[in-house]
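Subject: Structure for you, with notes on salt bridges

Hi,

Here's the structure I promised to pass on.

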Amino acid sequence: MEYLLKCNFCGRNKNDITFLISGINGHICNDCVEKTYSIVHKKFLLKNTRNKNNNEFIEIKKPKEIKSFLDKYVVGQNEAKKIISVAVYNHYKRIEKQNETNIEIEKSNVLLIGETGTGKTLLAKTISKLLKIPFAIADATTLTEAGYVGEDVESILSKLLQSVNYNIDYAEKGIIFLDEIDKISRKSNNPSITRDVSGEGVQQALLKILEGSVINVPPQGGRKHPDQKMIQINTENILFIAGGTFDGIEKIISDRTEKMSIGFMTKDKRKKNIENNYLKNILSEDLKNFGLIPEIIGRFPVVTYLNPLNKNTLKQILIEPKNALIKQYKKLFDMDHISLNITDDALNIIVDQTFQLGLGARGLRTFCEKIFLDYMFDIENVQSTLNIDQNIVKQKLFYS
């Protein structure tokens, strides 16, 4: 009579399922056990995240306080730091006072434009560190339209949720840095039978999230599927800071302003561009011509640029900020009771190589890693004083 046994939940016979768990007066199949666990687990998760002790609060800093803190970590870029400080201050002031005014104040999402390694991500990270707010970085290049290989746009909210252990109320006051947003520009102004699944389609999908709506978010990110339980997040008070290099937009600007001859960027033009950053002349129409749809441009009312890094700035970045690379390496060696000394000429070689390759501040770390790697690997045999001069740097960079 064993074949007559069936699940009291779904009604399927034992022969149609993997296994059956028997109780005193009934039976349940493995599929129903999994579904029941999923429902209970998600209900418990949602209840606890909504009712979690929300002692977390955001202390609003004045714009000058924000910029002063940014100055400790980000060299130069004074105009960008001033603009982003005001935008962040107004955003969190808007949240704090939103029940005290009958005037609806819109979000001040920020778009940062600048070459690679100029400090776009660092600006956003440093602000989150100052205000002690939830922060997540999402890569726009991984996003595709629903139904295509890649991640749904809602996955960027999953990263923010995960950063605060699914505390929804706290996450709804966070910052999301959307990196490489220029890579989802419309590929062409001409219609094509080929779907632009990582371009305009993603921009359209982002609109609802950026403007402030209640979004169903998959807890673990990735792709949504019908059986997955969603967590609802209101994005009205989430600040979005987007960054991108927008490679080629300077030509668009120069064509419009007729201040720069058409053609490839020569070394002389690059030098001139560093001295006179054409991005400061950027307008919405330039972003539109680059491939951003007008609706997306409208969701980023604050647009600012970062200046290309010259040699003097690169050297400052290397030695001056609170988190300067040379300070970090000196501390790492000091932990092993080794005093690190590096000459000014050696620093200049690192800066020159970084500048020539156009790698921005990231290039400094690349070359420093190459110089110090062997010493750190053989740390037990390093003398109590480690002196690095230009000859050692040349040997490590050019002959190793």
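Let's begin with D71, which is partly exposed at a relative accessible area of 37% (buried means under 20%, exposed over 50%, and partly exposed in between, using a 1.4 Å probe and protein chains only). D71 makes a salt bridge with K67, and their closest N and O atoms are 3.3 Å apart. By salt bridge I mean a side-chain nitrogen of Lys or Arg within 4 Å of a carboxyl oxygen of Asp or Glu. D71 and K67 sit four residues apart in helix α2 (residues 63–73), so about one helical turn separates them. Helices are DSSP runs of H or I with at least four residues, numbered from the N terminus.

A quick word on the source: this is a predicted model, where local features need pLDDT of at least 70 and side-chain atom pairs count only at pLDDT 80 or more, while totals for chains, interfaces and linings use all residues. Residues are numbered from 1 along each chain as its sequence is written, and side-chain values use heavy atoms, leaving out hydrogens and water.

In total, the structure has twelve salt bridges. Another one pairs D352 with K311, at 3.3 Å from N to O. D352 belongs to helix α14 (residues 344–357) and K311 to helix α12 (residues 311–319), so this pair ties together parts 41 residues apart in sequence. D352 is partly exposed at 26% relative accessibility, and K311 is partly exposed at 36%.

R256 and D286 also form a salt bridge, at 2.7 Å from N to O. R256 is in helix α8 (residues 249–257) and D286 in helix α10 (residues 284–290), 30 residues apart. Buried or partly exposed: which is D286? D286 is buried, at 0% relative accessibility, whereas R256 is partly exposed at 29%.

Cheers

Conventions: Helices (H or I, at least four residues) and strands (E, at least two) are DSSP runs, numbered from the N terminus.
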